[in-house]
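Trainee: Can we go through the aromatic contacts in this one? Put the model up first.

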Amino acid sequence: RSLRPRRLPTRRGAVRGAACGRVWLLLPLLLPGCGLAREGGSVLSCPPKCVCASNIISCSKLALGLVPAKLPRFTAILDLSHNNLSRLRADWTPARLPHLHSLLLSHNALGFISTEAFCHVPHLRYLDLSSNSIKVLEEFLFSQLQELEVLLLYNNQIAQMDRSAFDDMARLQKLYLSQNHISRFPVELLKDRAKLPDLALLDLSANKIKDLPVAALKGLPAWMKNGLYLHSNPLSCDCGLYELFAHWHARQLSSVVDFREELVCSLPQAKRSISVFSLNSQDSLNCSEFKEHMLEAYLGDKVTIDCDTKVRGATTREWVAPNNRRFPEETANSTMRVLGNGSLQIRHVRVEDMGTYTCYAVSQAFNETLYVDVMVHNFTQPGPHDTLNTAYTTLVGCILSVILVLIYLYLTPCRCCCRGNEKLAAQPEDSINSSMLSTTPNHDPEAAGRKGSLSHLTASGPMQGQNGKVKPNSTPEQAARRAQKAHRKMSDPDSVSSVFSDTPIVV
């Protein structure tokens with residue numbers, strides 16, 4: 001009953017004070033707008049009207065036109081979706097946010113994003129820009145996000161993409177570009193593996209793409225084709241497109257199996273869209289039925305068979321050869337071995353190596369079994385000198401034949417006139433042997449008479465000289481005839497070279 005206050009036990013007071021302190025520490029985590037934590041000696045508060053929980057700040061559906069200022073440095077997840085943000089400048093967060101790894105900006109009115117907008121969030125791994133009004137992806141737009149893994153850009157108005165917009169994003173794994181106005185397939189994102197080496201999902205569905213680089217897509221590994229979504233595009237029908245998607249469907253790739261009904265193409269003749277998988281019917285293009293291609297090899301070649309799994313990172317457990325021999329068990333004289341990437345290499349291929357090879361792959365998601373058919377030709381591969389095109393060799397042969405015919409018709413050998421007038425005068429111009437070589441018949445009566453007289457003189461004996469030629473001491477009439485023959489033209493049918501002349505042959 002004394003007026004002095006009662007003194008509580010020291011131990012009980014300490015427990016009560018500690019319990020009260022814990023309540024005050026937990027209060028900022030339970031009540032929105034309360035103080036968060038102590039950093040650098042100063043107490044930071046949650047932005048007005050936002051909901052904060054530990055390092056998560058949610059400012060969604062607040063009709064914000066600007067990003068709240070003075071965001072805590074320890075912010076890891078920032079949700080600004082469903083607001084009225086129209087521009088994202090470089091100063092949207094004046095302070096550096098080194099711990100921010102997820103930024104949600106979907107369902108805003110963003111139409112402009114500065115190339116320096118992400119300089120203060122270098123460790124961002126997840127960025128959601130979907131359902132905005134973005135029309136163009138400028139050059140080096142996301143180059144500062146070198147640790148970004150997931151980028152969502154679907155449901156925008158993107159019609160143009162600079163080739164350097166995704167440079168320096170070596171860790172990007174998933175890129176969502178569906179429901180935009182893209183008309184050109186960005187083949188550089190897949191073809192240059194050094195640009196986006198970890199990209200495993202590319203969603204280009206529901207755009208305006210008409211043509212696909214079929215040859216480039218065929219060369220992609222299965223784990224990339226498994227995450228390449230191309231459905232709901234106005235593709236142009238052709239047999240190459242059918243063969244591409246039929247192969248993907250046979251491999252049970254998710255990008256085709258899950259969206260088989262949405263894979264359509266347009267026929268220009270019919271002005272309608274049909275399923276890609278109906279192009280082999282007679283009502284459409286009547287494409288050849290798809291068959292898996294086998295690997296062809298020649299005797300003595302070195303062949304590498306890939307274990308093309310549809311899951312990245314799958315490890316090859318073993319290979320089974322057609323003779324039921326299992327690898328990687330290998331003997332010293334074996335011609336087959338398993339490489340470090342899981343492929344099977346065959347050195348010095350033989351005919352006995354032909355058949356079906358089986359690959360067993362294991363991953364964290366599931367196991368996969370692949371079959372590869374190998375056909376070996378029973379001869380060596382033709383060398384470079386034996387690979388001339390048949391049409392080319394035929395053409396060369398025809399040209400050479402024409403040249404030889406022209407030489408035969410128009411280029412005559414050197415005649416007696418090339419040796420001068422003296423030699424012409426010294427030698428007789430006619431002989432019985434030369435007249436017999438001529439293939440052109442003589443229809444001149446005078447020439448026939450001269451030949452008859454010459455034959456008479458030759459057969460008479462006294463006028464015959466050496467080699468059957470007429471002796472020079474003949475009569476003056478015979479000398480006149482020889483002088484007349486010396487001035488004959490080259491086309492004279494009695495000439496030795498008359499077979500090369502251009503005089504038509506009379507039959």
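Mentor: Rings of Phe, Tyr and Trp (its six-membered ring) pair if their centres lie within 6.5 Å; planes under 30 degrees apart count as stacked, over 60 as edge-to-face and the rest as tilted. The model is predicted, so local features need pLDDT of at least 70 and side-chain atom pairs pLDDT 80 or more, while totals for chains, interfaces and linings use all residues. Residues are numbered from 1 along each chain as its sequence is written, and side-chain values use heavy atoms, without hydrogens or water.

Trainee: How many aromatic pairs does the structure hold?

Mentor: Five. In one of them, Phe245 and Trp248, the ring centres are 5.5 Å apart and the planes are at 85°, so that pair is edge-to-face.

Trainee: Where do Phe245 and Trp248 lie?

Mentor: Both are in helix 5 (residues 239-250), three residues apart, about one turn of the helix. Helices are DSSP runs of H or I with at least four residues, strands are runs of E with at least two, and both are numbered from the N terminus.

Trainee: Are Phe245 and Trp248 buried or exposed?

Mentor: Phe245 and Trp248 are both buried (under 20% relative accessible area; exposed is over 50%, partly exposed in between, with a 1.4 Å probe and protein chains only).

Trainee: Ok, what about Tyr298 and Phe379?

Mentor: Their centres are 5.6 Å apart with planes at 55°, so the pair is tilted. Tyr298 is in strand 19 (residues 295-298) and Phe379 in the loop between strand 26 (367-377) and helix 7 (390-410), so the pair ties together parts 81 residues apart in sequence. Phe379 is partly exposed, at 44% relative accessible area.

Trainee: Which residues do ring pairs link into a cluster?

Mentor: Phe118, Phe142 and Phe166.
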